Amino acid sequence: MTLEELPGEQQAMGRMETPGSALEELLSKALNQRRVTVGVYEAAKLLNVDPDNVVLCLLAADEEDDRDVALQIHFTLIQAFCCENDINILRVSNPGRLAELLLLGASGGAEQPADLHCVLVTNPHASQWKDPALSQLICFCQENRYKDQWVPVINLPER
């Protein structure tokens, strides 16, 4: 589905908001509703127990992490599982900004989680298509899959 094929309201919203700002908005809402799972191992546990409830998987690594073979193996396994279970995946190009969003939203910046490489967002109780930010991100993922980019890279806006 392209932007032009979206209903009028979503089409207008899609032109106004970048995927990065839509992700920022989604994370803010999801954190407030306790629908975020942070960490590679915690994500793997949730994916094993309740994959149908996960709507988005975020993978974040900086240049230093790209040399971490164990982390890359985890990423490969998580990506394969998400593809098998129709879970949308995004790669975040600036993990520092993702950490800021997660730390400020989760604990007011007081306490730092050990692992921010993998973040899962679970389904809200209401229909996911009622959340414009999630809708836009799902469309972004679908458009990139049509281009054979299965794990699109997204850049969160800096503050």
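Which residues in α2 are buried? Select the helix and see: G20, A22, L23, E24, L26, L27, A30 and L31 are buried, where buried means under 20% relative accessible area, exposed over 50% and partly exposed in between (1.4 Å probe, protein chains only).

**Before you go further**

This is a predicted model, in which local features need pLDDT of at least 70, side-chain atom pairs count only at pLDDT 80 or more, and totals for chains, interfaces and linings use all residues. Residues are numbered from 1 along each chain as its sequence is written, and side-chain values use heavy atoms, with hydrogens and water left out. The protein chain has a mean of 82, with 80% of its residues at 70 or more. Take care over residues 8–16, where the pLDDT is below 50; beyond near neighbours in sequence, this stretch has twelve contacts in the model (contact means heavy atoms within 4.5 Å).

**Stop 1: helix α2**

Back to α2, residues 19–32. Helices (H or I, at least four residues) and strands (E, at least two) are DSSP runs, numbered from the N terminus. The expected span of a helix is 1.5 Å times one less than its number of residues. For the 14 residues here that gives 20 Å, and the end C-alpha atoms are 20 Å apart, so the two agree. Then click on R34, which follows α2 and has a positive phi, near 55°.

**Stop 2: strand β4**

Now select residues 118–122. Five of the five residues in this strand, β4, are buried, so it is largely enclosed by the rest of the structure. In a regular strand the side chains alternate between the two faces of the sheet. Here C118, L120 and T122 lie on one side, V119 and V121 on the other, and both faces are covered.

β1 (residues 36–38) pairs with β4 in the antiparallel sense over three bridges, and V36 stands opposite V121. β2 also runs antiparallel to β4, joined to it by five bridges; there, L56 stands opposite V121.

**Stop 3: the cysteines**

How many disulfides does the count come to? Taking a disulfide as a pair of cysteine sulfur atoms within 2.5 Å, the count is zero. For C118, the nearest cysteine sulfur is that of C57, 4.0 Å away. C118 counts as buried because its relative accessibility is 0%. C141 is in no disulfide either, with the nearest cysteine sulfur, that of C139, 9.4 Å away. C141 is buried too, with a relative accessible area of 1%.

**Stop 4: the cores**

A nonpolar core is a set of buried Ala, Val, Leu, Ile, Met, Phe, Trp, Tyr and Cys residues joined through side-chain atoms within 4.5 Å. Show L23, L27, L56, L58 and L98: of the 29 residues in the largest core, these touch the most other members. At least two residues of this core come from each of α2, β2, β3 (88–92), α5 (95–107), β4 and α6 (132–146). Zoom in on L58; leaving out residues up to four places away in sequence, its contacts include L23, L27, L90 and L98. Another core, of 17 residues, lies apart from the largest one, with C82, C118, L120 and V151 among its members.

**Last stop: P51**

Finish in the loop between α3 (40–49) and β2 (54–60), where you'll find P51. P51 counts as buried because its relative accessibility is 18%. Not counting residues up to four places away in sequence, P51 touches L46, F81, N85 and I87. Draw a distance from P51 to N85: these residues are 34 apart along the chain, and their C-alpha atoms are separated by 7.1 Å.

Technical notes: pLDDT = per-residue confidence, 0-100. Pairing = 2+ DSSP bridges.
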